[in-house]
Amino acid sequence: MTENAQNKRHTIDDLITVMARLRDPKSGCPWDVRQDFSTIAPYTIEEAYEVADAIARDDLDALKDELGDLLLQVVYHAQMASEQSRFDFSDVADAITRKMIRRHPHVFGDPALRDEFLNSNLWERIKAEEKAERGESASSAASRLDEVPLALPALTRAVKLQKRAAEIGFDWPSPAPVLAKAEEEIAELKEAIAAQGDAPSETRSTKVREEFGDLLFVMANLARHLKVDPEAALREANAKFVRRFRSIEQALAKEGRRCEDATLEEMDQLWDEAKDAERKG
């Protein structure tokens, strides 16, 4: 690579050209040429999570890199579609730009619609109008829940399913009855655990798993009512656990010991100390 090429500031057009070369059947990368939409989809999901992780860590340098990786996924799918003469990257950019303009009439059209956008279901109404223009209707689907993608993370999908049902009034009016339902599900889970006794492991896990799933579903509903993103909340809880567990490891390491050398009571004490230290800032 020449010095000029190394110093050049590349653009989206360069990235599209690079992807086209990677996918060239004769001179491209054998691995890239073998891929299709289904084999690339898991990488697309993974890159989206890595973007979220960089944001959660407030690491803007990493965010820049991860956004590039995610952009590559868009270019990758667009290139494969282009090879089938279906659409290309410019079609993707055009479609999303038109959609954003169409769904924000209070910005690109009548400013008087601003309050309506914030205080009504204008966004959903515009989406419904778009479907009608495409010849789709509520009756064209077996259920209004069919539009919620199966591939979403389970907690996120639970929230979206509940939101769709809530749009037609199938919802609790406040968090209080949801909390009551959570208590009911906890009781049922306790009963399932107590009843498992000496039952075969397969039977045992099926019933307990079912009740545990019901509890998680209710907690996702509670998150929706509290306007909390359950995925983000769980990521934060994971990070907190890692942070405090590392404090235990570090405290024991100062004594020349490992976690394997400590009792549960000792580790619990160190956990509480790490928790108190965090609270005190």
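1. There are 17 salt bridges in this predicted model, a salt bridge being a side-chain nitrogen of Lys or Arg within 4 Å of a carboxyl oxygen of Asp or Glu. The model is predicted, and local features need pLDDT of at least 70, side-chain atom pairs count only at pLDDT 80 or more, and totals for chains, interfaces and linings use all residues. Residues are numbered from 1 along each chain as its sequence is written, and side-chain values use heavy atoms, with hydrogens and water left out.

2. Arg 98 and Asp 94 form one of these salt bridges, with the closest N and O atoms 2.9 Å apart. They sit 4 residues apart in helix H6 (residues 89-102), so about one helical turn separates them. Helices here are DSSP runs of H or I with at least four residues, numbered from the N terminus. Arg 98 is exposed at 53% relative accessible area, while Asp 94 is partly exposed at 36%. Buried means under 20% relative accessible area, exposed over 50%, and partly exposed in between (1.4 Å probe, protein chains only).

3. Lys 207 and Glu 211 also form a salt bridge, at 3.1 Å between the closest N and O atoms. Both lie in helix H12 (residues 201-225), 4 residues apart, about one turn of the helix. Lys 207 is partly exposed at 39%, whereas Glu 211 is buried at 6%.

4. Arg 144 and Glu 167 meet in a salt bridge of 2.9 Å, N to O. This pair links distant parts of the chain, 23 residues apart: Arg 144 is in the loop between helix H9 (122-133) and helix H10 (154-166), and Glu 167 in the loop between H10 and helix H11 (175-196). Arg 144, Glu 147, Arg 164 and Glu 167 are linked in a network of salt bridges.

Terms used: Helix = DSSP H or I, 4+ residues; strand = E, 2+ residues; numbered from the N terminus.
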